[in-house]
Amino acid sequence: GILFDLNHASSASSAEWVDFFVEAITAYLVEQAEPRGYVSDENARWLMQRIDHDGHVETLAELELLVKVIERAHTVPDDLKAYALVQIKHAVLCGSGPVRGGPTRDSHALNPGSIGTTEARLLRRVLYSAGGDAPAHIGRAEAELLFQIKDATLHGNNTPEWQRLFVEALSLHIMTDPTCRALHRDEAARLHAVVADTSSSVGGFMARIVTSFGKKPPQAARSATQPEPKPGMSDHEQDWLQALIDSDGKLDPLERALLNALAQG
């Protein structure tokens, strides 16, 4: 606890202190507590209680600690990973919090409603960390949090890394659903055409997206022994994606990039 007390006492910690603070507590939680490499529910609760002030992480050192523990552990409780993502979201939307001040590795400061390189990289580190039951899968709650950040930062001064992360993570979430498969070539071509057509309303657009995913290749293109193709997305995933895209009444550039990525398979 003394390391946390020292961290709270300093309003402008040096980069050297951040590195020491993060490494010392990460080593204790991940490498010294038994079994090694696993963060228990009890230790995760202790960590969140120690760093939580008024519902938000207050220093860069504490946020870096959260990310490092999740990154280094073999598994961590889902609550800890979700807590870290919410803290990054808060910093992005409010323009305050640990990624906006202190000895960050970025040389620029951004305004509320923008996502910079620091935030994008922290998000990537948490989303693709080893910690968690399925590190190669983006969960539903994580995907929806990315949509929330996207909606709130559409007009911000965003790093190009953000669009790449959004598209990659959402594609991974959708296409790792056990009922999904890569799109057939004909389905992909139809989806590309739909994405390129900007003349229709959002509702009409999403209806055609769903239709495109569900269409089968022409009968003549398949041999008699070729099995019937399954839809490229499950009905559940189609409804979920349609609801998210319909929610603000327009198709924005990141949503368009996502749909293009899905079409490419």
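Leu145 sits in helix 7, which spans residues 140-152; helices here are DSSP runs of H or I with at least four residues, numbered from the N terminus. The model is a predicted one, so local features need pLDDT of at least 70 and side-chain atom pairs count only at pLDDT 80 or more, while totals for chains, interfaces and linings use all residues. Residues are numbered from 1 along each chain as its sequence is written, and side-chain values use heavy atoms, with hydrogens and water left out.

With a relative accessible area of 9%, Leu145 is buried (buried means under 20%, exposed over 50%, and partly exposed in between, using a 1.4 Å probe and protein chains only). Leaving aside neighbours within four places in sequence, Leu145 is in contact (heavy atoms within 4.5 Å) with Leu85, Val86 and Lys89.

The axes of helix 5 and helix 7 come within 10 Å and cross at roughly 5 degrees, the axes being lines fitted to C-alpha atoms over the stretch in contact, with angles from 0 to 180 degrees between N-to-C directions. That makes helix 5 roughly parallel to helix 7; angles under 35 degrees count as roughly parallel, over 145 as roughly antiparallel, 65 to 115 as roughly perpendicular and the rest as oblique. Helix 5 brings Lys81, Leu85, Val86, Lys89, Val92 and Leu93 to the contact, and helix 7 brings Glu142, Leu145, Gln148, Ile149 and Ala152.

Helix 6 (residues 117-127) is largely enclosed by the rest of the structure, because eight of its 11 residues are buried. Among them are Thr117, Glu119 and Leu123. The buried residues of helix 6 pack against helix 4 (60-72), helix 5 (78-94), helix 7 and helix 8 (160-175).

Phe147 and Phe166 form an edge-to-face aromatic pair, 5.2 Å centre to centre with 70 degrees between the planes; rings of Phe, Tyr and Trp (its six-membered ring) pair if their centres lie within 6.5 Å, and planes under 30 degrees apart count as stacked, over 60 as edge-to-face and the rest as tilted. Phe147 is in helix 7 and Phe166 in helix 8, 19 residues apart. Phe147 pairs edge-to-face with Trp240 too, at 6.3 Å and 80 degrees. Trp240 lies in helix 11 (residues 235-246), so this pair ties together parts 93 residues apart in sequence. Ring pairs link Phe147, Trp162, Phe166 and Trp240 into a cluster.

Note on methods. Helix = DSSP H or I, 4+ residues; strand = E, 2+ residues; numbered from the N terminus.
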